[in-house]
Amino acid sequence: MLTGAGLAVVAAALFLVVATVGLVLANATALALSNQGRVAGSASALLGLVQFAIGAAVAPLAGAAGVRPALTMALLIVALRLGSVLALLIAIKHRPLSAPEPTQ
């Protein structure tokens, strides 16, 4: 069980993670949809579906922890953040050399 300084560090880390979600999620969505042109609605729907599907798949894992659900939640946050960085690195490696012209 965490007490004192350890609890303060964990609370500060959780605050940092949660506080940045609003800024990052809105801007990432805007950037992801910026070059979609006429199919922006479909792209937005697909993006929302993926976000909700990942949330629905991971949420039971955090609750199935038993005696230490906070530790499990923290490990899931770290694992999903690392997964997102890996996906970003793969996307950067496989992106086209020249960006397509945006459609009007």
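What is the handedness of the crossing of H2 and H3? In this predicted model, in which residues are numbered from 1 along each chain as its sequence is written, the crossing of H2 and H3 is right-handed, a crossing being right-handed if the near helix is turned clockwise from the far one by less than a right angle and left-handed if anticlockwise. Local features rest on pLDDT of at least 70 and side-chain atom pairs on pLDDT 80 or more, whereas totals for chains, interfaces and linings use all residues; side-chain values use heavy atoms, with hydrogens and water left out.

Helices are DSSP runs (H or I, at least four residues) numbered from the N terminus. The axes of H2 and H3 come within 9 Å and cross at roughly 145°, where axes are lines fitted to C-alpha atoms over the stretch in contact and angles run from 0 to 180 degrees between N-to-C directions. Ile54, Val58, Leu61 and Ala62 of H2 form the contact (heavy atoms within 4.5 Å) with Pro69, Thr72, Leu76 and Leu80 of H3. By class, this contact comprises 7 nonpolar residues, 1 polar and no charged; Ala, Val, Leu, Ile, Met, Phe, Trp, Tyr, Cys and Pro count as nonpolar, Asp, Glu, Lys and Arg as charged, and the others, Gly among them, as polar.

For H1 and H2, the axes come within 10 Å and cross at roughly 140°. The two helices are therefore oblique to each other, a term for angles that are not under 35 degrees (roughly parallel), over 145 (roughly antiparallel) or 65 to 115 (roughly perpendicular). Their crossing is right-handed. Leu25, Thr29 and Leu33 in H1 meet Ala40, Ala43, Ser44, Leu47 and Gln51 in H2, a set of 5 nonpolar, 3 polar and no charged residues.

Helix H1 (residues 5–33) packs against helix H3 (residues 69–93) at an angle of about 50°, with the axes 12 Å apart. H1 is thus oblique to H3, and the crossing of H1 and H3 is left-handed. Leu14, Val17, Thr20 and Val21 of H1 make the contact with Met73, Ile77 and Arg81 of H3; these residues divide into 5 nonpolar, 1 polar and 1 charged.

The largest pocket has a volume of about 840 Å³. On a 1 Å grid over the protein atoms alone, a pocket is an open set of points where a 1.4 Å probe fits, with protein on both sides within 12 Å along at least five of seven lines, and lining residues have an atom within 4 Å of a point; grid points are joined across faces, edges and corners, and the volume is the space filled by probe spheres set on the points. Of the 20 lining residues, Leu25, Gln51, Leu80, Arg81 and Ser84 are the closest to the centre of the pocket. H1, H2 (40–63) and H3 each supply at least two lining residues, and H1 gives the most, with 9. The lining has 14 nonpolar, 5 polar and 1 charged residues.
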